[in-house]
Amino acid sequence: MGLGGCILLIAVGAILTFATDWDMQGVNLDLVGVIFMIVGLIGVATFSSIARRRRVVVPPATPVVDDTRPPHRDGYSDGYGV
């Protein structure tokens, strides 16, 4: 579940808890909404801790050499500059 799914769970839980007054026999919608919000908050915390670990950049052990660039020409090595 991504960050968007967690935020959606929090929003649906808040709507069920605070914005509805439905009465369903055998189901407490306020409790279901609170559970959705708690699960969403746990998901956001988990997602942010995993994303924080992924941002750590370790420098490479060997230097990276870019061989795709053309050789440097100073204007004098090809015989046309004086």
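Analyst: Two residues are said to be in contact when heavy atoms of theirs lie within 4.5 Å. On that basis, among contacts in the chain between residues at least 6 apart in sequence, 50% join residues at least 24 apart. The model is a predicted one, and the chain contains two helices and zero strands.

Thr17 is placed in helix H1, which comprises residues 3-19. Is Thr17 buried or exposed? The cut-off for a buried residue is under 20% relative accessible area; Thr17 counts as buried because its relative accessibility is 14%.

The partners of Thr17 come next. When its neighbours within four places in sequence are left aside, Thr17 is in contact with Asp30, Gly33, Val34 and Met37. As for Asp30, its backbone oxygen is found 3.5 Å from a polar atom of the Thr17 side chain.

The segment that bears these partners also carries an annotation. In UniProt, an unreviewed entry assigns the feature "transmembrane region" to residues 29-47. In the model, residues 29-47 are 100% helix and 0% strand, with 27 Å between the C-alpha atoms at the two ends. Helix H2 spans residues 29-54, and Phe47 lies within helix H2.

A second residue of helix H1 deserves mention, namely Cys6. Cys6 is classed as buried because its relative accessible area is 1%. Between Cys6 and Phe36 there are 9.1 Å from C-alpha to C-alpha, although the two residues stand 30 apart in sequence.

For the chain as a whole, 13% of its 82 residues count as buried, and Thr17 and Cys6 both belong to the buried class. The accessible surface of the chain is about 7200 Å², and carbon and sulfur atoms account for 65% of that surface.

Key
Residues numbered from 1 in each chain as written. Predicted model: local features only at pLDDT ≥ 70, side-chain atom pairs only at ≥ 80, totals over all residues. Heavy atoms only, no water. Helix = DSSP H or I, 4+ residues; strand = E, 2+ residues; numbered from the N terminus. Buried < 20%, exposed > 50% of the residue type's maximum accessible area, 1.4 Å probe, protein only. Polar contact = N/O pair within 3.5 Å; in protein donor to acceptor, adjacent residues only side chain to side chain. UniProt positions renumbered as here; feature names shortened; annotations may be inferred. Areas by Shrake-Rupley, 256 points an atom, 1.4 Å probe, with all protein chains shown as cover.
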